[in-house]
Amino acid sequence: MEGAGSFGAGRAGGAFDPVAFVKQPQTILRILSWVFSIVVFGSIVNEGYINNGSERLHCIFNKNNDACNYGITIGVIAFLASSFFFVLDIHFPQISSVKDRKKAVMLEIGFSGFWTFLWFVGFCFLANQWQRTSPEDLPLSQGADAARAAIAFSFFSIIVWAGLTVRAVQKYLLGTDMTLFTTDHLDGNATIQPYPTGSGMESTETYQSPPFAENLQTSPKGYQVPTY
């Protein structure tokens, strides 16, 4: 069957075991990435903006709206991507085509690796802007807990997405389990028929006299069989 046992999944069409699926390290990391992304963009959206004596809202990260926008953007996209890959993990064993499985794994490797880098950039960006934030800009430490939560869970997201990248690479290296396709011609011991031996010429010992030789010997008298 095409796609059976390929890229770390079982035979296509097998029964789905939710308990075993939840216990997989990849599923745990996926759920953590989903939760951490909610914490990051949720903290910034709810308490990441203040109006310090004005009607205009300012970002708590050194009044740099780019910092808040960056945290919200990568958090929301990470949330959607985690949901998408979670559903893909559920349906992955049902994909019968090896090529489709390979494309799915390569997509996961590319996205997870890229998002690990973006989370690293986000952590450094938010931490730097928070360090530059003046206490006067945050009366009564308004939004301080939300800023620290966004920074902390941005760091945790780096670890989680790096783990997802490693798991995806391991899945890709597994490739196709060829033991499910073992046949006699793959073991290297196939029987080879030898070529026939001999010169290819008939032996003179097998020569027989012409079929009419006996009849010629019994021909009428006076006729002699010519000799050669």
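What is the volume of the largest cavity? In this predicted model, in which local features need pLDDT of at least 70, side-chain atom pairs count only at pLDDT 80 or more, and totals for chains, interfaces and linings use all residues, the largest cavity has a volume of about 30 Å³. Residues are numbered from 1 along each chain as its sequence is written, and side-chain values use heavy atoms, with hydrogens and water left out.

The chain contains six helices and two strands, arranged along the sequence as α-α-β-β-α-α-α-α. Helices (H or I, at least four residues) and strands (E, at least two) are DSSP runs, numbered from the N terminus. Of the 228 residues, 32% count as buried; buried means under 20% relative accessible area, exposed means over 50%, and partly exposed lies in between (1.4 Å probe, protein chains only).

The structure holds one cavity of 30 Å³ or more. A cavity is defined on a 1 Å grid over the protein atoms alone as a set of points where a 1.4 Å probe fits but cannot get out, and lining residues have an atom within 4 Å of a point. Grid points are joined across faces, edges and corners, and the volume is the space filled by probe spheres set on the points. The lining of the largest cavity consists of Ile50, Cys59, Ile60, Asn62, Lys63, Thr133, Asp137 and Leu138. These lining residues divide into four nonpolar, two polar and two charged, where Ala, Val, Leu, Ile, Met, Phe, Trp, Tyr, Cys and Pro count as nonpolar, Asp, Glu, Lys and Arg as charged, and the others, Gly among them, as polar.

Most residues other than glycine have a negative phi. Asn62, although not a glycine, has a positive phi of about 60°, and phi of Lys63 is near 55°, also a positive value. Asn62 is placed in the loop between β2 (58-59) and α3 (65-91), and Lys63 is found in the loop between β2 and α3 as well. Asn62 counts as partly exposed because its relative accessibility is 28%; Lys63, at 42%, is likewise partly exposed. Ile44 lies in helix α2 and, at 1% relative accessibility, counts as buried.

Four salt bridges are present, a salt bridge being a side-chain nitrogen of Lys or Arg within 4 Å of a carboxyl oxygen of Asp or Glu. Side chains of opposite charge can pair when their charged atoms come close. Glu108 takes part in a salt bridge with Arg30, in which the closest N and O atoms are 2.7 Å apart. This pair links distant parts of the chain, with Glu108 in helix α4 (residues 98-131) and Arg30 in helix α2, 78 residues apart. Both Glu108 and Arg30 are buried. Glu108 also meets Lys171 in a salt bridge, at 3.7 Å from N to O. Here too distant parts of the chain are linked: Lys171 is in helix α5 (residues 144-174) and Glu108 in helix α4, 63 residues apart. Lys171 is buried, as is Glu108.

A further salt bridge joins Arg148 to Asp145, with the closest N and O atoms 3.5 Å apart. Arg148 and Asp145 are separated by about one helical turn because they are three residues apart in helix α5. Arg148 is partly exposed, with a relative accessible area of 48%, whereas Asp145, at 60%, counts as exposed. Salt bridges that share partners join Arg30, Asp89, Glu108 and Lys171 into one network.

Helix α5 also holds Val166 and Phe155. Val166 is partly exposed at 47% relative accessibility, and its C-alpha atom is separated by 9.7 Å from that of Gln26, 140 residues away along the chain. Phe155 is partly exposed at 38%; the C-alpha atoms of Phe155 and Gly122, 33 residues apart along the chain, are 8.7 Å apart.

On the surface, Ile31, Trp34, Val35 and Ile38 form a nonpolar patch with about 290 Å² of accessible area together. Patches are made of residues with over 30% relative accessible area and no salt bridge, with nonpolar side chains (Val, Leu, Ile, Met, Phe, Trp, Tyr) joined within 5 Å and like charges within 9 Å. Accessible areas come from the Shrake-Rupley method with a 1.4 Å probe, and for residues only the protein chains shown count as cover. Ile31 lies in helix α2 (residues 25-47) and counts as partly exposed because its relative accessibility is 36%.

Technical notes: 1 Å grid on protein atoms, 1.4 Å probe; cavity = no way out; pocket = protein on both sides within 12 Å on 5 of 7 lines; lining within 4 Å.
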